Every structure is written in structure tokens, then in C-alpha cells.
Amino acid sequence: MPSKPGKRSNLALRILSSLVLGPLILAVVAIGSWVFAVIIALLAVLGVDEWLRLVLRRPPPGWARAGAGLGILAVTIATAWAGAVAGLVVLAVATALFDILVNLRLGTPGRMPALGLPYLGLTVVALLHLRQDGWQPVIWLLLVVWATDIGGYVFGRWIGGPKLAPRLSPKKTWAGLIGGAGLAALAGGVAIAVLHRAGAALIAGPGAALLALVAQAGDLVESAVKRHYGAKDSGNLIPGHGGVLDRIDGLLAAAPVFAVFTALLDASFR
């Protein structure tokens with residue numbers, strides 16, 4: 001059955017957006033320094049704003065946006081200047097204070113609004129920590145996550161078959177899960193051979209496959225949140241993709257896991 005014009009148009013927008021944004025993101029990672037920190041903080045602020053809009057089911061009040069933005073900014077500065085541990089401490093304090101503020105001002109809406117800070121903040125800490133070891137770890141992580149997304153989309157549409165989690169995300173299939181993990185393993189092995197050394201590919205390939213599963217779990221978590229709050233996308237900032245959260249949901253899960261993994265094993269690309 002031929003694809004509908006709307007679906008073809010949406011796919012074209014997704015491809016065009018990726019072709020434009022992908023090289024820009026890679027360039028920012030390569031530049032590093034304050035440029036990288038500023039862009040990561042900006043994306044996190046946009047993401048936490050989408051989160052508030054999603055869970056509150058309306059545009060968040062100005063004070064809530066400002067409070068969340070200041071929290072992300074404080075986490076970014078603490079991590080950039082004093083390291084990951086300081087960033088995590090500031091993140092914990094900012095989350096607790098923001099939770100108190102939201103519940104006092106909005107009449108106890110629960111924990112969900114404040115969860116936006118750790119949801120985005122942990123990735124800010126992870127990416128800044130990884131970038132301190134050079135641009136290679138962040139580039140490798142991005143390539144693995146992108147390969148996961150591409151593999152999941154291509155193999156899911158090409159093979160189809162049983163649904164992975166129909167109640168959470170009706171379009172995702174087991175074929176997409178396996179295909180995404182397989183393409184991530186290939187991309188991770190090739191990338192580490194180029195960025196580091198060829199012998200590391202034997203470890204990096206399986207590790208990338210496991211990280212792909214984490215990324216796809218992150219995708220499902222965001223799908224579950226959107227379904228719970230009756231939203232199709234977290235926003236409409238990125239043509240063909242939706243919002244910032246829609247584009248980085250896999251990275252939000254994979255980055256902290258990868259950062260912890262490299263820290264525990266004292267792994268380095270140098």
C-alpha cells in the first residue's frame with residue numbers, strides 16, 4: 001500500500017531537520033568549552049519548559065518557567081566549574097526547592113512538575129562530565145543513540161510484526177527494537193575503532209547494543225508520559241520531530257547510564 005502524502009511529507013521534514021541539526025550538534029560538541037555548555041543548558045531549559053507544559057496541561061506560569069530555568073542554569077554552572085558531584089548536589093537541592101515552590105503556588109499538583117529538573121538535569125551533568133574527557137565520548141554516544149533511532153524506525157517500518165508496547169507506543173515493534181540495537185552495535189563498534197582503537201570494537205559493539213536498549217526504554221517512558229497526559233508530541237519546535245523532548249528522549253536515558261558506566265570502569269577514549 002503506498003504511503004499517504006502526509007506521511008511522506010512528515011518523513012521528508014524529519015530527514016531535512018536531521019540533516020541540518022546533526023552537523024550543527026556535532027560541531028558544538030567538537031568546539032566544547034563554554035559553547036557546548038551553553039547549548040546543552042539551552043536545550044535543557046527548552047526541554048523542562050515542554051515538560052511543565054505537558055504535565056500541567058497548559059502553558060506554565062512565568063515564575064515556574066523562571067524557576068526551572070534557573071535550576072538548570074545552576075546545575076550547568078556547578079558541573080562546568082566543579083564537576084559532576086557538585087552538579088548532582090545542586091540538582092538535588094534545586095529539585096527539592098522547585099517542588100516546594102510548585103506545590104505551594106499551584107495547590108499540590110504532585111511530584112510530576114518538579115521531576116522535569118532531574119529528567120533534564122541528569123543529562124546535563126552527564127554530557128558535561130563526558131565532554132571533560134574530550135569530544136570523542138560524546139560523539140560516540142550521539143552516534144549510538146542516532147543509530148538506535150534510525151534502526152528502530154527503518155526496521156520497524158520495513159519488517160513490522162508484533163508490537164513492542166502497544167499501550168504506550170502503538171508504532172513501535174520488536175523488529176524495531178532488535179534492528180535499532182543491531183545498528184547501534186555496528187555504529188558503536190565502527191565509531192570506537194575510528195575514534196579510539198580498533199581492538200575496543202569487540203567491547204564497544206555489545207555495549208552499544210545494551211545502551212540502545214536503554215535509549216529505547218527512555219523513548220517508551222516519554223511515550224507513556226505523553227499518553228498519560230493526552231499529548232501526541234511534547235512540542236512543535238523541530239519540524240517533523242515535535243518538541244525537544246521528542247528528539248532527545250533516548251539520549252535522556254542513555255547519557256546518564258553511559259556516564260556512570262565510564263566512571264565506574266574508569267574508561268577513557270584517550
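Reader: At roughly what angle do the axes of helix 7 and helix 8 cross?
Author: This is a predicted model. In this model, helix 8 covers residues 201-228, and its axis comes within 7 Å of the axis of helix 7. The two axes cross at roughly 140°.

Reader: Is helix 7 oblique or roughly antiparallel to helix 8?
Author: Roughly antiparallel needs an angle over 145 degrees. The axes here cross at roughly 140°. That makes helix 7 oblique to helix 8. The term asked for is oblique.

Reader: Is the crossing of helix 7 and helix 8 left-handed or right-handed?
Author: Angle and handedness are separate points here. For helix 7 and helix 8, the crossing is right-handed.

Reader: How are helix 6 and helix 7 oriented to each other, roughly parallel or roughly antiparallel?
Author: Helix 6 spans residues 135-159 and helix 7 spans residues 174-195. Their axes lie 7 Å apart, at an angle of about 150°. The crossing is right-handed. Angles over 145 degrees count as roughly antiparallel, so helix 6 and helix 7 are roughly antiparallel.

Reader: Which residue meets Arg65 in a salt bridge?
Author: Side chains of opposite charge can pair when their charged atoms come close. For Arg65, the N to O distance in the salt bridge is 2.6 Å. Arg65 lies in helix 3 and its partner in helix 2, so the pair ties together parts 16 residues apart in sequence. The partner is Asp49.

Reader: Is Asp49 buried or exposed?
Author: Buried means under 20% relative accessible area. Asp49 has 17%, so Asp49 is buried.

Reader: Which residue forms a salt bridge with Asp246?
Author: The closest N and O atoms are 2.7 Å apart. The pair links helix 9, residues 244-264, to helix 8, across 20 residues. Asp246 is buried at 11% relative accessible area. Its partner, buried at 10%, is Lys226.

Reader: Where is the Lys172 that meets Asp219 in a salt bridge?
Author: The salt bridge has an N to O distance of 3.2 Å. Asp219 is in helix 8, 47 residues away from Lys172. Lys172 is partly exposed at 22%, while Asp219 is buried at 16%. Lys172 sits in strand 2, residues 169-173.

Reader: What is the area of the nonpolar surface patch that includes Leu43?
Author: Leu43 is in helix 2, residues 33-56. At 32% relative accessibility, Leu43 is partly exposed. Trp34, Val38, Ile39, Leu42, Leu46 and Leu237 make the patch together with Leu43. The area is about 630 Å².

Conventions: Residues are numbered from 1 along each chain as its sequence is written. This is a predicted model: local features need pLDDT of at least 70, side-chain atom pairs count only at pLDDT 80 or more; totals for chains, interfaces and linings use all residues. Side-chain values use heavy atoms; hydrogens and water are left out. Patches are made of residues with over 30% relative accessible area and no salt bridge: like charges are joined within 9 Å, nonpolar side chains (Val, Leu, Ile, Met, Phe, Trp, Tyr) within 5 Å. Accessible areas come from the Shrake-Rupley method with a 1.4 Å probe; for residues, only the protein chains shown count as cover. A salt bridge is a side-chain nitrogen of Lys or Arg within 4 Å of a carboxyl oxygen of Asp or Glu. Helices (H or I, at least four residues) and strands (E, at least two) are DSSP runs, numbered from the N terminus. Buried means under 20% relative accessible area, exposed over 50%, partly exposed in between (1.4 Å probe, protein chains only). Axes are lines fitted to C-alpha atoms, for helices over the stretch in contact, and angles run from 0 to 180 degrees between N-to-C directions. Angles under 35 degrees count as roughly parallel, over 145 as roughly antiparallel, 65 to 115 as roughly perpendicular and the rest as oblique. A crossing is left-handed if the near helix is turned anticlockwise from the far one by less than a right angle, and right-handed if clockwise.
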